[in-house]
Amino acid sequence: MVSRVRVWLNRTYAENVFFMDQLRRNPSDRAVEIHATHGSADSPVLAAADTAELEPEGLSPAAYVEYALDQCARRGIDVFVPRLHQEAIVAHRAEFEAAGTALLAPPVEAVTVFQDKVTAYQAVQAVGIPVPPWRRVTNEDELVATVEELEAGGHRACFKPAAGAGGVGFRVITRTPFSMVHLEGFPSPYVPLDLVVRAVREAEEPVDWLVMPRLEQPEVSVDCLTGPDNRIRMAVGRTKMGRRRGFTLHEQWLEPARRLAETFGLHHLSNIQFRMYGDRPVLMDVNTRPAGGLHQLALCGINAPWAALQLALGEDPGTVVPPFLGTDYTVVSGPRPLRPLSVPQQRTGEQQAAPAPLTAPVGSAGGGSAAAGTAGVDAQKVLPL
């Protein structure tokens, strides 16, 4: 009889409730138990897990590694999917392996390269992968000079933190004076240059931003699965054009993503993002972790989380190719159950429910039930277009 697999996700994104659902719905019909920790008792991943704990606040990276090693030992974790303090954790891979825990994350060398976008852009340029023109700025003079240079070339300038994940801190520079236009409707990423300059001038510390041209659509996120032998097992692109989402296997996106993942040893799951600069794709960002939208590959007949778990356990899933490309779709919000305020709480056998299909109402997915509490949080699900 094949033993169960015990998986831990630490302080991860709400969308990874679907990652957890897919691990349980694995084609091998193998028992998977999931432990989750988070800093917020209202994280839906806590409700979706079999066991859950609140994480201690204020731990240094080194102290967090000790906490993580203790969690793995006490909980009997077979595979740890780290997000918070990923770099510090993977630097201690040998200690986790000695405790019987495999890390579903790249080696520390790869994580370090892509922690800082300047270092990342310089590294990938050196191996021939195109990136947009960019400038690192730390003060108002550098900011204004770079914006003026980009505008003189016919571009709209934007900026984002040199270190960070996702779209946090991304803004587009505009010369439009601040007015009611900026206060009507939903919040916008557009910010007037004079307000940005004033904020930078009055900041207590220098900023650390990358300023570059606003890149054009489509945005293509290539989800990659790479083995410890640096060989790609899976590369599938997810396209974004406004609200419309889709899938692609076009080599203009997949070839540079495969080359990047194999060259830099992005073992296990990574997400490599491209946009258009003129008439060619350029690298936008590299995430050394599973993307929040990874579960959307289920629309192509792929269970990517399970293939990654197999790889982490030393069970090579082989080449993962979508049997078909799913129809275009959009992403909408739906409810997920939350745990009562008393955390930690463990699910009992009576509370466990069969996970719902990917496109079903998500309020019943992930093992949630009325016993898990009536409160809910918006989570994303996909609907065809």
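Predicted model: local features only at pLDDT ≥ 70, side-chain atom pairs only at ≥ 80, totals over all residues.
Good morning. I begin with a pair of helices: H8 and H9 are roughly antiparallel to each other, because their angle falls in the class over 145 degrees. Helix H8 covers residues 140–152 and helix H9 residues 193–202; they pack at an angle of about 155°, with their axes 9 Å apart. The axes are lines fitted to C-alpha atoms, for helices over the stretch in contact, and angles run from 0 to 180 degrees between N-to-C directions.

Residues are numbered from 1 along each chain as its sequence is written, and side-chain values use heavy atoms, with hydrogens and water left out.

Which residues of H8 and H9 meet? From H8 come Glu 140, Leu 143, Val 144 and Val 147, and from H9 Leu 193, Val 196, Val 197, Val 200 and Arg 201; contact here means heavy atoms within 4.5 Å. This contact divides into seven nonpolar, no polar and two charged residues. In this scheme Ala, Val, Leu, Ile, Met, Phe, Trp, Tyr, Cys and Pro are nonpolar, Asp, Glu, Lys and Arg are charged, and the others, Gly among them, are polar.

I turn to a second pair. The axes of helix H1 (residues 17–24) and helix H11 (residues 304–312) come within 8 Å and cross at roughly 70°. H1 and H11 are therefore roughly perpendicular to each other, a class that spans 65 to 115 degrees. In H1, Phe 19, Gln 22 and Leu 23 meet Pro 305, Trp 306 and Leu 309 of H11. By class, five residues of the contact of H1 with H11 are nonpolar, one is polar and none is charged.

Next, a single residue. Asn 287 lies in strand S15, residues 280–287. Is Asn 287 buried or exposed? Asn 287 counts as buried because its relative accessibility is 6%, where buried means under 20% relative accessible area with a 1.4 Å probe, protein chains only. Leaving aside residues up to four places away in sequence, Asn 287 touches Ser 270, Asn 271 and Gln 273.

Finally, the whole protein. Its secondary structure comes to eleven helices and 17 strands, which are DSSP runs: H or I of at least four residues for helices, E of at least two for strands, numbered from the N terminus. Of its 385 residues, 52% count as buried. Among contacts between residues at least 6 apart in sequence, 66% join residues at least 24 apart. Thank you.

Notes
Buried < 20%, exposed > 50% of the residue type's maximum accessible area, 1.4 Å probe, protein only. Parallel < 35°, antiparallel > 145°, perpendicular 65-115°, else oblique.
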